[in-house]
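I opened this structure for the first time today and kept short notes. The entries follow the order in which I looked things up.

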Amino acid sequence: MRRLLLAALLLVAAPALADPVIGAAAPDFTATDTDGRAVRLADYRGRIVILEWTNPGCPFVRAHYDSGTMPAVQAEAKAAGAVWLSVNSGAPGKQGHMTGPQARAQMAHDRAVPTAYLLDPAGTLGRLYGAKTTPHMYVIAADGRLAYEGAIDDRPTADADDAKAATRWALNAVKAVKAGRTPDPAVTRAYGCQVKYK
């Protein structure tokens with residue numbers, strides 16, 4: 001009985017995940033990168049911003065990095081003028097949690113090329129956006145409105161070959177926004193490992 005009561009209290013005490021709306025202003029935030037610098041969404045107003053929730057211990061994330069598809073998508077999006085922010089909301093003691101030096105070493109290993117890698121161990125940023133999985137992708141248009149939310153692609157597996165052959169929904173959303181079009185689809189179901197919140 002005591003365990004059930006404690007579990008119920010933890011569920012009630014855990015902050016709820018937000019549910020940002022496509023077409024509405026993306027929630028503003030300030031987060032810390034791997035070097036301890038503040039990164040503000042407002043600083044990138046006028047540019048397309050991609051948020052990628054990541055966990056280096058998740059097999060779905062591994063499929064995208066080990067196959068080279070995630071670094072390739074990052075590079076293509078950045079070449080199009082977009083800002084790519086990888087976000088790690090893994091809590092201390094849970095799978096994927098990293099310090100700044102650990103995250104920098106992981107990025108080098110994965111040949112990742114985000115604009116910045118944000119550390120969110122308290123899960124504040126993840127909950128603000130309602131991030132549920134790794135990966136979970138968001139595309140914010142240059143005017144600050146949320147344009148896409150969901151999966152990185154159309155193949156919800158942890159297979160590297162699938163990652164290579166997939167239709168890249170998040171990247172297609174970036175291209176659509178850059179061309180002044182509404183992404184189609186604008187919302188998809190994110191897949192992967194659960195975000196390891198505190």
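Entry 1, confidence. Where pLDDT is low, the predicted coordinates should not be read in detail. I noted that the protein averages a pLDDT of 92, and that 92% of the residues score at least 70.

Residues are numbered from 1 along each chain as its sequence is written, and side-chain values use heavy atoms, with hydrogens and water left out.

In what order do the strands of the open sheet lie? I read β2-β1-β5-β4-β3-β7-β8, seven strands with mixed pairing. Strands (E, at least two residues) and helices (H or I, at least four) are DSSP runs, numbered from the N terminus; two strands pair if DSSP finds at least two bridges between them. At the edges I found β2 (38-40) and β8 (146-150), each pairing on one side only. From one strand to the next the twist averages 30°, with angles running from 0 to 180 degrees between N-to-C directions and axes being lines fitted to C-alpha atoms, for helices over the stretch in contact. Helix α7 (residues 169-178) packs on the sheet and touches β3 (49-53), β7 (136-140) and β8. The direction of α7 makes about 0° with that of β7.

Entry 4, strand pairs. I followed β1 (residues 30-33) to β2 and found three bridges, antiparallel. Thr-30 has Arg-40 as its bridge partner in β2. The two strands form a hairpin with four residues between them, and Gly-36 in the turn has a positive phi of about 85°. β1 also pairs with β5, antiparallel over two bridges, and there Thr-32 stands opposite Leu-119. β4 (residues 83-88) and β5 (residues 116-119) run parallel, joined by four bridges; Val-87 faces Leu-118 in this pair.

Which cysteines are joined? I found Cys-58 bonded to Cys-193, S to S 2.2 Å, the cut-off for a disulfide being sulfur atoms within 2.5 Å. Cys-58 lies in the loop between β3 and α2 (59-66), Cys-193 in strand β9 (residues 193-194), 135 residues apart. The S-S torsion is about 90°, so the disulfide is right-handed. Cys-58, at 0% relative accessibility, is buried, and Cys-193 is buried at 13% (buried means under 20% relative accessible area, exposed over 50%, partly exposed in between; 1.4 Å probe, protein chains only).

Methods
This is a predicted model: local features need pLDDT of at least 70, side-chain atom pairs count only at pLDDT 80 or more; totals for chains, interfaces and linings use all residues. Contact means heavy atoms within 4.5 Å. pLDDT is the predictor's confidence in each residue, from 0 to 100.
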